[in-house]
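Subject: The structure, and what turned up in it

Hi,

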Amino acid sequence: MPIYRDEGVVLRTHKLGEADRIVTLLTRQHGKVRAVAKGIRRTSSRFGSRLEPFMVADLQLYEGRSLDTITQAETLGAYGQIIAADYDSYTAANVMVETADKITESDTNRQQYLLLLGALRSLSRAEHAPAMTLDSYLLRALSLAGWAPSFIDCARCQRPGPHETIVVQMGGVVCVDCAPTGSPKIDVPTRELLGSLLAGEWNIVDAADAAVRTRASGLVAAYVQWHLERGIRSYAHLSSSPSAERRK
């Protein structure tokens, strides 16, 4: 069977039999891959912790009919343990990998891979507030997947903005003519923060007021849950995190 090498981020794992695991990966060159790591649950396994969620590894695999098999794994980014040590980062990372799992397929999408890799690295280094790293990742990941929001011009008719009404079901802000009756208004600081999250303008994001961040996060969550048909289950854990409670 053909053998190939690639690097990948571990999205999730499932037990298989008494000692094996099925590992779902987002790879640089092959998109999403599901592969068996044989014997990984044994204490003597050569894979050790290299194939835990949020880890990045250089992999050798051989192709199978339904599942590939991992024969080698060398750590490239040991983010799992660091992220798991902080509750906010851990819950944010879970939302990220679940989103990546839902919006990627087996076809190559290097931009999605690099985006997820950068977000997990940022979480592990505590470069920004975990919720803001998550929101920026989600907006950009959905944009790459074809659901780019608009926070300036009207999402429906493209009338130049800025506009004061936001309807997540329509793709972002909308003009007065397109807005359904009773549509919610969006304040200027929240709209500007959403635009900065999408553009990766971290000097603006890091300086944002806590209340503005909370409003922006709520809109990002609504946008993501609307556009992904089955929603993101990990959001339930995110909303009950300690920092979320403090913001209420």
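Predicted model: local features only at pLDDT ≥ 70, side-chain atom pairs only at ≥ 80, totals over all residues.

You'll find Ser-45 in the loop between S3 and S4. If you skip its neighbours within four places in sequence, Ser-45 is in contact with Gly-39 and Ile-40. Try the distance tool on Ser-45 and Ala-19: they sit 26 residues apart in sequence, and their C-alpha atoms are 9.4 Å apart in space.

**The aromatic pair**

How many aromatic pairs does the structure hold? There is one, and it is formed by Phe-54 and Tyr-90. In general, a pair of aromatic rings is described by the distance of the centres and the angle of the planes. For Phe-54 and Tyr-90, the centres are 6.0 Å apart and the planes make an angle of 80°, so the pair is edge-to-face. The two partners come from distant parts of the chain, 36 residues apart: Phe-54 belongs to the loop between strand S3 (31-37) and strand S4 (56-62), while Tyr-90 is in helix H2 (residues 87-103). Phe-54 is buried, at a relative accessible area of 3%, whereas Tyr-90 is partly exposed, at 36%.

**A residue in strand S4**

Now move on to Gln-60, which lies in strand S4. Gln-60 counts as buried, with a relative accessible area of 18%. Which side chain does the side chain of Gln-60 join in a polar contact? Its partner is Arg-5, at 3.1 Å. Leaving out residues within four places in sequence, the contacts of Gln-60 are Ile-3, Tyr-4, Arg-5, Thr-69, Ile-70, Thr-71 and Gln-72.

Two packed helices are described by the angle between their axes and the distance between the axes.

Take H3 (residues 110-125) and H4 (residues 130-144): their axes are 10 Å apart, at an angle of about 180°. That is why H3 and H4 count as roughly antiparallel to each other. On the H3 side, the contact is made by Gln-111, Gln-112, Leu-115, Leu-116, Ala-119, Ser-122 and Leu-123, and on the H4 side by Pro-130, Thr-133, Tyr-137, Arg-140, Ala-141 and Leu-144. Sorted by class, the residues where H3 meets H4 are eight nonpolar, four polar and one charged.

H2 and H3 also have axes 10 Å apart, and the angle here is about 175°. H2 is therefore roughly antiparallel to H3. Among the residues of H2 in this contact are Ala-92, Ala-93 and Met-96, and those of H3 include Leu-116, Ala-119 and Leu-120. The contact of H2 with H3 has nine nonpolar residues, two polar ones and no charged ones.

Are H2 and H4 roughly parallel or antiparallel to each other? Their axes come within 9 Å and cross at roughly 10°, so H2 and H4 are roughly parallel. Residues that meet here include Val-95, Met-96 and Thr-99 in H2, and Leu-134, Tyr-137 and Leu-138 in H4. By class, the contact of H2 with H4 has 11 nonpolar, three polar and one charged.

Asp-209 is in the loop between helix H6 (202-207) and helix H7 (210-227). What does the side chain of Asp-209 reach at 2.9 Å? The answer is the backbone nitrogen of Ala-211. Asp-209 is partly exposed, at a relative accessible area of 49%. From Asp-209 to Thr-190 the C-alpha distance is 9.5 Å, and the two are 19 residues apart in sequence.

Gly-231 is in the loop between H7 and helix H8 (235-239). Gly-231 counts as buried, at 9% relative accessibility. Not counting residues up to four places away in sequence, Gly-231 touches Glu-98, Lys-102 and Gln-225. The C-alpha atoms of Gly-231 and Asp-107 are separated by 22 Å, and these residues are 124 apart along the chain.

Cheers

How values were computed: Residues numbered from 1 in each chain as written. Heavy atoms only, no water. Helix = DSSP H or I, 4+ residues; strand = E, 2+ residues; numbered from the N terminus. Buried < 20%, exposed > 50% of the residue type's maximum accessible area, 1.4 Å probe, protein only. Polar contact = N/O pair within 3.5 Å; in protein donor to acceptor, adjacent residues only side chain to side chain. Phe/Tyr/Trp six-rings, centres within 6.5 Å; stacked < 30°, edge-to-face > 60°. Contact = heavy atoms within 4.5 Å. Axes fitted to C-alpha atoms, helices over the stretch in contact; angles between N-to-C directions. Parallel < 35°, antiparallel > 145°, perpendicular 65-115°, else oblique. Nonpolar A, V, L, I, M, F, W, Y, C, P; charged D, E, K, R; others polar.
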